[in-house]
Structure formats: structure tokens, C-alpha cells
Amino acid sequence: MADVAAIDPAKAAAALELLRAVDSAGPRAAVVGLTQMEGGWSRHTYAIDVEDPEREGLARYIGRVRPEDSVLDTDLGQEFEIYRVLEAEPVPAPRVHGYEPSADTPFGGPYFLMERLPGDGLNVWRRPDRELLEADWADGRGIATDFVDGMAAIHAVAPKKLAGVVVARDFRATVGRWREMYEEVRLVADPVVEEAYAWLLDNEPAPVEPRLVHGDYRIGNCLVGGGRLTGVLDWELASIGDPRFDLGYMALPYSSGRFVTAGSPLLGAVAERDWLEQRYEAASGLPVDRSVVDLYAALGALMLFSIMGTGLALYARGESSDIRSAWSRFVFPGLRADLAQLMGW
Amino acid sequence: MFNALRTEQLIAGIGTTARSAAGASGPPDEYARGQLLSAYSVSRLLAAEVSAEAALLAWLRGELIDALAAAPEDPAAVAAATRIEAAGDALEIGDALVDLLAELRAREAEERVRSSPRIARQSANAPELRTRIHAILREMAGRELAALAVRPERSAAS
């Protein structure tokens, strides 16, 4: 249990008020733990534990907050609604418990609460977590299997269920979205990025039937416990579009833990590429064209340039004090190397 | 090389994080601990970058000027070479490359559409030069990664 003395009373009261509003907590419920977790670039995340004499056991929640200095302009309410839709789908995702849209909250922005699923988030930039995944691949492949099947399940969600919830974007619209953000926030001109955008538009793939796209699907945005995948999180980049984006983004060396040195030898840090693609094809019924996947990998890298570039711009203007935004500057050389490789330079 | 945030901004950021940690009461939560670890990581990477910066910049400038010298009749290449020779840092080189590559792309696109003999003559070197610059940029990314991977304590000991 967390140190009760460290609990921010205003945040605790706000969380309880929201839980009571949706009948997820009674009048005598109390917050017994509330700490800010490490992760979250566009969202701040809180672990919130609640004891309620009228309910059995400790209730564990996650608070998702859109801070004022978010690196993404995506709507938190949209993310909340996606989770609600997913409750009826075979996608492992937490149940949500109320959304507060006001920007003026003790959490510093709009927030919603969701159940805290069992399992831990993995950080593929840390060797022990990569080794855990390599051990899974070598023996059992429970995480690898769930990871691929989870992606196939996401791509199987009928887009009409998300009509009005998430935006639909085709290839050009997706390229345009990230390019517009890049041009808006860039602090320096980057010849590799400029060439990559031109290359993408010169190689536009033939469209496929639009699907639900997670938009940030990597093992680091999943929960893992007991050798299985227990949840898929971080849906703020979801859209209706080309499902091959998720495959491409996952194929980036960045998603396997590459920083200034190599990451995992496994694709996405979870599985060998041939196996992963074959399993995905079998689970989804969708063919994998590696040349198109590579295009989307490049687009994924450009998306990271835009998102991290936003963090850098906020930091440079003094609108964010999150040192991770400054740190992300050192991700760019690796992304340039990825782009050069993907474009066949 | 074409990186936002100057060295002094990063040093100031590390200091701000340290001061914030020193002023906090109670044990740090996960977020605060992550901030400190990120500040440490920035300090280590910055030290590696500063150690390698001058050599990497000289290499990049030299490679680009050599490549551009192969197109002495191309006004865009000549202009870019002039800017790159005069550039005070990698960001100015990046600016010159963005403009040059945009010009080369435009010429190639125009040539594809119109197949005009006049444009074809003017852009004869464009694909070759663009390819050469791509190779230099690829090599630059690899060299920068290798430089950042050097741990400063090892670099200082050698």
C-alpha cells in the first residue's frame, strides 16, 4: 500500500467524486494510495487504490490525465469512448469508470479512471525487460502469441462501432497529419525527414479496407503478467485506417528497443519476423506485404519525429519542464538511421 | 547533427531537474525518479555528443563539399557548397541540404512529367547527386549513433 501521508487530498477527492458519480464507489470509500507513475508522454498516469467498506477487497484504478503540456492534441474523451467500445470486443483492455472533461481539475487537466489490470508494463529500452521477452520467445511464446493475436483482434473490430468516436484517415491524410505537425513544431530543418515525406508520397500504397488502427501498438503499450499479455493500453492515436500502419510501426527498430545501440533481435522485441507475419496473416486473414509494411514503418518514424518534436518545442518554449522531452532529442539519430535504411539509401 | 535544443539548454534542463528533486519532500514517486534518471541519461549522451561533435561536423562538411564539387555547373549545388563551407554549425548545413534536396526533387519530378530536353540537361546530375547526398546522410546517422554510444567515462579514460 502507498504511503497514506503522501496522498494529494484534492486529487483523492476528485477521483472519489468521479467514482461515486458512476456508482463505482460508495459514500464511505477512501483513497488509500495515489502515486504518479513513470510512463506517459501525452498523458500522465496515476495509480489509485480505493478501499470501500461496502465492496470487497481493494479496488485498483488507473487515472489517465491529459496535461496542459501534452505532446499530442488528441482528445481524452475520444480515448475514453474507445475503451468503452472495446469492453464488448475480444481485445484485452481495461474497463473505464467515468470521465471528467473539465481542464480545471486537481490532476491538471481532464481525466478518466479505468480499472488497473494485472500485469506490468515493459520497457524494451531496458535490458531485463528485453531478456524477459527473449525468454518468452525461446520457451512458450505466450506473450508473443497474445501480442500478435491482440493486434489481429484490434483489426477485426468493425469500424462502424467506432463511427463518431475516432477519425478515419487514409494514407495521404495520415502522412499529411504528421507532416503538418512536423512543420508546426520543428525547431530545425531536417533533410532526412523532408526526403522521407517526399519518398512516402512517391510510393503511396494501394488502399485496403479500413480497420481500427491502434496507432501506437508496441509491447511497451501492453501489460504483461504470468507469461501472457493482459491488456492493451494507450489508445490516444487510434484511428480508422490502414491496419498495416500497426505492423510497420512495430517493425521499427525503435519499437524493439533500439536507441543509440541495438535493441532486441526480435521484431517488436517479441518474435522473429517471419513467424510474426505468418501468425498475423493466419489470425487476421489479411495478407502482409513487406514493402508496404516498410512504408508504414517510415511513416511511424516520422510520427515519432512529430510527437517528440512537439515535446521539444514545448520544452524549448518553457511550457514543459519534463526532462524526457529534452531526452527525446537523442532518439532522432536512430530514427534517421531507420529512415535511411527503409528508403534504401 | 540536425538536433533541436542547444547544449546550454540541455545543461540548464539537467540542473532544473536536480534542483526540483532536491526541493521535493518525501520519497520520490515513480515519475520523479524517472525524471532524475532521464536527466542522468541526457548528461551522459550530451557528454558523448560534445566529445564527438567537432570531428563529426568536419567529416560531414568535407563529404558534402566533395560531393557537390562533382557538379560544378549546377547552380544549386554551387550555392549549397558555398553555404555549407560558411556554415557555423550542423543546423546551417541542414538548412542548406533541405533547400538543395528540395530543388533536386523538384527537377526530377519536372523531368518525369515534361521530359523536356532543356530540363533534362539541367538535371542530368540531379539523381546522382541526390543519391550521393543520401549516402552521406546515411553514413552520418551511423556515425552519430556510434558516437552517442560511447560512454563518457570510457572516452575520458582512453
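In this predicted model, B:Leu137 reaches well beyond its own stretch of chain: leaving aside neighbours within four places in sequence, its contacts are A:Pro191, A:Val192 and A:Trp345 on one chain, plus B:Phe2, B:Leu97 and B:Leu101 on the other. B:Leu137 also turns up among the five residues that touch the most other members of the largest nonpolar core, along with A:Trp178, A:Leu339, B:Leu60 and B:Ile133. That core counts 85 residues, and its top contributor is helix H9 of chain A (residues 290-316), which puts in 15. Another core, of 56 residues, lies apart from it, with A:Val91, A:Ala153, A:Val157 and A:Val288 among its members.

As for the interface itself, chain A brings 36 residues to the contact and chain B brings 40. Together the two chains bury about 3,600 Å², with 66% of that on carbon and sulfur atoms.

The rule picks out 14 residue pairs in polar contact across the interface, both partners at pLDDT 80 or more, and the salt bridge count between the chains is four. One salt bridge joins the side chains of A:Glu195 and B:Arg130, at 2.8 Å from N to O. Chain A's touching side draws at least two residues from each of helices H6 (191-202), H9, H10 (323-327) and H11 (332-342). By type, the residues on that side split into 21 nonpolar, 10 charged and five polar.

Note on methods: Residues are numbered from 1 along each chain as its sequence is written. Chains are lettered from A and ligands numbered from 1 in the order in which they are written. This is a predicted model: local features need pLDDT of at least 70, side-chain atom pairs count only at pLDDT 80 or more; totals for chains, interfaces and linings use all residues. Side-chain values use heavy atoms; hydrogens and water are left out. A nonpolar core is a set of buried Ala, Val, Leu, Ile, Met, Phe, Trp, Tyr and Cys residues joined through side-chain atoms within 4.5 Å. Buried means under 20% relative accessible area, exposed over 50%, partly exposed in between (1.4 Å probe, protein chains only). Helices (H or I, at least four residues) and strands (E, at least two) are DSSP runs, numbered from the N terminus. Contact means heavy atoms within 4.5 Å. Buried area is the accessible area (1.4 Å probe) that two parts lose on being put together, summed over both. A polar contact is a pair of N or O atoms within 3.5 Å; within protein, one must be able to donate a hydrogen and the other to accept it, and residues adjacent in sequence count only if both atoms are side-chain atoms. Ala, Val, Leu, Ile, Met, Phe, Trp, Tyr, Cys and Pro count as nonpolar, Asp, Glu, Lys and Arg as charged, and the others, Gly among them, as polar.
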